[in-house]
Amino acid sequence: MLKLVIFVSCVAAVVFAQSPSFGGCPTVPSQSTFNLTRYLGDWYEMYVFPTHFEKGSCTRAHYTVKDDGHIEVFNRGIENGTEVRAIGDAYCPDPAHPAELLVRFAAGTPYGNYWVIDTDYDSYTLIYSCESILGVAHIEFDHLMKELAGYGVDVSKFKESDQANCPP
């Protein structure tokens with residue numbers, strides 16, 4: 001079954017620096033119960049805050065567990081007719097908060113928050129991440145989340161992702 005990725009993230013400026021906003025990060029709770037095994041597999045992006053590294057179409061992610069217990073994040077999409085790939089590493093630093101993961105896409109770079117806010121494991125997932133910049137600003141890197149408006153996230157920045165005519 002097609003799973004839709006619905007992300008909303010605010011990540012460290014040095015990593016993504018997409019949509020700066022004043023003030024601290026909105027308080028958005030993560031899903032209180034989370035089953036990583038059910039979450040693994042393929043997810044297809046449907047809405048996103050525009051970014052410099054996701055300009056194309058057919059954006060998707062594949063999650064698998066690695067031998068060390070971390071999660072391999074394999075992102076891919078099509079840009080100017082060419083497949084673009086990024087492989088990342090994610091893990092849960094605190095088992096008491098299983099939906100609050102950390103992820104990075106280059107060795108030696110800091111991990112950024114990757115919080116699962118809500119998922120039914122089969123048809124949608126809502127992702128949120130935010131890093132404050134000295135408490136006076138934050139950077140947003142968002143992929144749809146309907147209820148985020150209720151938490152103070154500016155959802156007017158979303159754009160629909162192009163998933164038409166994508167390769168398998």
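Mentor: Phe 34, Tyr 39, Trp 43, Tyr 63, Tyr 114 and Tyr 121 form one aromatic cluster. The model is predicted, so to speak of local features a pLDDT of at least 70 is needed, and side-chain atom pairs count only at pLDDT 80 or more, while totals for chains, interfaces and linings use all residues. Residues are numbered from 1 along each chain as its sequence is written, and side-chain values use heavy atoms, with hydrogens and water left out.

A pair of aromatic rings is described by the distance of the centres and the angle of the planes. Rings of Phe, Tyr and Trp (its six-membered ring) pair if their centres lie within 6.5 Å; planes under 30 degrees apart count as stacked, over 60 as edge-to-face and the rest as tilted. The whole structure contains 6 aromatic pairs. One of them joins Tyr 39 and Tyr 63, with 5.4 Å from centre to centre and 45 degrees between the planes, a tilted pair. Tyr 39 is in helix H1 (residues 36–39) and Tyr 63 in strand E4 (residues 57–65), 24 residues apart, so this pair links distant parts of the chain. Helices (H or I, at least four residues) and strands (E, at least two) are DSSP runs, numbered from the N terminus. Both tyrosines, Tyr 39 and Tyr 63, are buried; buried means under 20% relative accessible area, exposed over 50%, and partly exposed in between (1.4 Å probe, protein chains only).

Another pair is formed by Tyr 91 and Tyr 111: the ring centres are 5.0 Å apart and the planes are at 90 degrees, so the pair is edge-to-face. Tyr 91 is in strand E6 (residues 82–91) and Tyr 111 in the loop between strand E7 (100–104) and E8, 20 residues apart. Tyr 91 has a relative accessible area of 23% and is partly exposed; Tyr 111, at 24%, also counts as partly exposed.

Beyond its neighbours within four places in sequence, Val 116 is in contact (heavy atoms within 4.5 Å) with residues including Phe 34, Tyr 39, Ala 99 and Leu 126.

Strand E8 (residues 112–119) and E9 pair in the antiparallel sense over 4 bridges; two strands pair if DSSP finds at least two bridges between them. In this pairing, Asp 118 stands opposite Leu 126 in E9. Strand E9 (residues 124–128) has 4 of its 5 residues buried, so it is largely enclosed by the rest of the structure.
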